[in-house]
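Have the model open and follow along.

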Amino acid sequence: MILILNGSPKKSGKVATLLRAVEKGLKEKGRQVEWMNVYDLKIAPCIACMKCRPDGRCILPEDGGHFAGDKIAACGGLVVGTPTHWGNMSAQLKMLFDRNVPVFMGEKPNGFPIPRQKGKPALIVTACTTPWPFNFIAAESRGAIHAVREVLHYGGIKIKGRLALPGTKSMEKIPQRFLDRACKLGRKL
């Protein structure tokens with residue numbers, strides 16, 4: 001099963017639309033897909049207690065963070081979508097990742113990370129109001145992709161593709177070439 005994480009507060013916005021195109025490509029290849037709107041989850045913020053490191057699970061009371069972590073651990077691959085917020089991922093997606101450090105990585109006694117999702121494939125999808133090429137020059141889209149990639153990297157997840165949609169502020173409709181590319185990425189995963 002491929003887990004799609006919609007890290008956008010908009011369930012029918014640009015990021016969600018691109019993720020639906022990825023989903024179409026996944027289904028064309030016969031993949032089972034589960035969709036998760038991250039902003040629907042009630043997630044308490046990480047309290048930086050570090051107890052998840054030796055315990056292997058967040059010690060906070062069970063909430064959407066645990067639910068999402070269990071789904072991430074069980075899936076065969078991930079598609080992570082996020083709008084670009086200040087050159088980073090959305091706050092709710094970041095909170096989900098913060099709460100699930102032990103899902104992505106463990107630690108050896110010397111502090112070196114142990115990837116816990118090693119070999120799983122992933123795609124990263126983002127959208128940004130900044131127009132091309134400034135979305136990459138100013139590290140807006142590039143920053144969001146880098147932030148998500150960093151989390152997935154520590155989990156041992158292999159990035160199979162990425163898609164960044166620039167200039168959404170003045171965009172009524174997503175250009176078909178981006179929807180086609182998203183669908184193609186889904187077929188590739």
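A quick word on residue classes before we start: Ala, Val, Leu, Ile, Met, Phe, Trp, Tyr, Cys and Pro count as nonpolar, Asp, Glu, Lys and Arg as charged, and the others, Gly among them, as polar. What you're looking at is a predicted model, where local features need pLDDT of at least 70, side-chain atom pairs count only at pLDDT 80 or more, and totals for chains, interfaces and linings use all residues. Residues are numbered from 1 along each chain as its sequence is written, and side-chain values use heavy atoms, with hydrogens and water left out.

Pockets first. On a 1 Å grid over the protein atoms alone, a pocket is an open set of points where a 1.4 Å probe fits, with protein on both sides within 12 Å along at least five of seven lines; lining residues have an atom within 4 Å of a point. Grid points are joined across faces, edges and corners, and a volume is the space filled by probe spheres set on the points. The largest pocket comes out at about 340 Å³. Its lining has six nonpolar, seven polar and three charged residues. Of the 16 lining residues, Lys-10, Pro-83, Ala-127, Thr-129 and Thr-168 lie nearest the centre.

The second largest pocket holds about 210 Å³, and its lining divides into eight nonpolar, no polar and three charged residues. Helices (H or I, at least four residues) and strands (E, at least two) are DSSP runs here, numbered from the N terminus. α4, α5 and α7 each give two or more residues to this second lining, with the largest share, four residues, coming from α7. Among the lining residues are Phe-97, Phe-104, Ala-147 and Val-151.

Two of those names come up again. Rings of Phe, Tyr and Trp (its six-membered ring) pair if their centres lie within 6.5 Å, with planes under 30 degrees apart counted as stacked, over 60 as edge-to-face and the rest as tilted. The whole structure has one aromatic pair: Phe-97 and Phe-104, edge-to-face, 5.6 Å centre to centre with 85° between the planes.

Gln-92 is buried at 11% relative accessibility and, leaving aside residues up to four places away in sequence, touches Val-38, Tyr-39, Leu-41 and Ile-43 (contact means heavy atoms within 4.5 Å).

Now the interior. A nonpolar core is a set of buried Ala, Val, Leu, Ile, Met, Phe, Trp, Tyr and Cys residues joined through side-chain atoms within 4.5 Å. The largest one has 26 residues, and Leu-5, Leu-78 and Leu-152 have the most contacts inside it. β1, α3, β3, α4, α5, β6 and α7 each supply at least two of its residues. A second, separate core of 23 residues includes Leu-26, Leu-123, Ile-174 and Leu-179.

Beyond four places in sequence, Leu-152 touches residues including Leu-78, Phe-104 and Ile-157. Ile-157 sits in the loop between α7 and β7 and is buried, with a relative accessible area of 6%.

Key: Buried means under 20% relative accessible area, exposed over 50%, partly exposed in between (1.4 Å probe, protein chains only).
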